[in-house]
Amino acid sequence: MEDLQKIISEIVPIDRDIMEETWKCWDSLAKPLRGLGWLEEALVQIAGIMGTTTPHPDKRATVIMGADNGVVAEGVTQTDSSVTIQVLENMGDGMSTACIMGKLAGCDSVPVNIGSLTDAKHPKIQNRVVRYGTGNIATGPAMTREECVRAIMTGVDVVRELKKDGYQLIVTGEMGIGNTTTSAACAAVLFDRDPEDVTGRGAGLSSEGLKRKVDAIRRAIAVNQPDKTDAIDVISKVGGLDIAGLVGCYLGAAHEHMPVLIDGFISAVSAYLAGMLCETAKEYMIATHDSTEPAAHMVLEQLGMKAPLQAGMHLGEGTGAIMGLALIDQAMNVYYHMVTWDGAHVEAYEHLK
């Protein structure tokens, strides 16, 4: 816990002076002022994060935290837990959806086995197992508090190592059968909502399966009695190792002055939990898309963020955040190649009151 507290204590606000200078650069370009909306805002935030008015987050990685969840035993998923490690192996081969999308976006995939039921075999998968799957939250805690902290620090360490390897931007992703159940359980606790209000079908669950899922979450909350004011207590009792690892990714990115893109529901819940541990870490987070999972928009509202993409996506793995990279790349395209008012020989727009 001391290592985690040290990381948190060293996270500082992003550079507001750099952000102001970046806005001046945007406003000098020959186009309607603030006409690109979120694109301009995101690039200004990235400038403040990286500490330069000329940010180039060109080397980027999707960190995909993979873990299994004991709550699968309650019949809350369409497939069994064997799928988790198989998809991770596919990620090692670059065959998953996020990997394929990442290639077009110039974003490397970094699959991390933080808690699947078995070790991964593919050499491109990082085996950093904290424990082999979590407990069934419907009957007891997912993990111990110490295991949760270890999983968070694993995420921190992965991002810090990527920074040393020259990476400049992190996309958050996950893979874990049953993790929409654990994420919904966390959301129900954190926001005092009935499980039915925050629980969706995940990867194609039937109506009967959805009822089992909601019931499992209700039992998990009743059995474990998580403290909604204590992020680590919530994760360790009704969360998962992938969620804990993602929390670490957010904290690690903030510590290393790296922009970190929020993906969908699971990623957003993890971002909220990271913000509970360190409010300043939220300044390094960028929302990308609004998942169709029932509570996804709710979590973004609680984070005080708006996502630019409303594409009906709910696949996970980091796919929505990877799509967000296309918007960021277009922002940089205009920022670095658009002529100024002087160069365009056009009278500049003014900010009018």
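Contact here means heavy atoms within 4.5 Å. Keep that in mind on this tour of a predicted model.

**Stop 1: the sheet.** Select the strands. Strands of a sheet pair through backbone hydrogen bonds, either parallel or antiparallel. Which pairing does this sheet have, and in what order do its strands lie? The pairing is parallel, and the order is E3-E2-E1-E4-E5-E6. The sheet is open and has 6 strands.

**Stop 2: the edges.** Select residues 126-127, strand E3, and then 285-287, strand E6. These are the edge strands, and each pairs on one side only.

Stop 3: Select helix H11, residues 241-255. H11 lies across E1 (60-67), E2, E4 (169-175), E5 (260-262) and E6. Relative to E1, H11 runs at about 155 degrees.

**Stop 4: two packed helices.** Select helix H12, residues 265-277, and helix H13, residues 296-303. Two packed helices are described by the angle between their axes and the distance between the axes. For H12 and H13, the angle is about 25 degrees and the axes are 9 Å apart. Angles under 35 degrees count as roughly parallel, so H12 and H13 are roughly parallel to each other. Their crossing is left-handed.

Now show side chains. From H12, pick Phe 265, Ala 268, Val 269, Ala 271 and Tyr 272. They meet Ala 296, Val 299, Leu 300, Gln 302 and Leu 303 in H13. By class, this contact has 9 nonpolar residues, 1 polar residue and no charged ones.

Key. Residues are numbered from 1 along each chain as its sequence is written. This is a predicted model: local features need pLDDT of at least 70, side-chain atom pairs count only at pLDDT 80 or more; totals for chains, interfaces and linings use all residues. Side-chain values use heavy atoms; hydrogens and water are left out. Two strands pair if DSSP finds at least two bridges between them. Helices (H or I, at least four residues) and strands (E, at least two) are DSSP runs, numbered from the N terminus. Axes are lines fitted to C-alpha atoms, for helices over the stretch in contact, and angles run from 0 to 180 degrees between N-to-C directions. Angles under 35 degrees count as roughly parallel, over 145 as roughly antiparallel, 65 to 115 as roughly perpendicular and the rest as oblique. A crossing is left-handed if the near helix is turned anticlockwise from the far one by less than a right angle, and right-handed if clockwise. Ala, Val, Leu, Ile, Met, Phe, Trp, Tyr, Cys and Pro count as nonpolar, Asp, Glu, Lys and Arg as charged, and the others, Gly among them, as polar.
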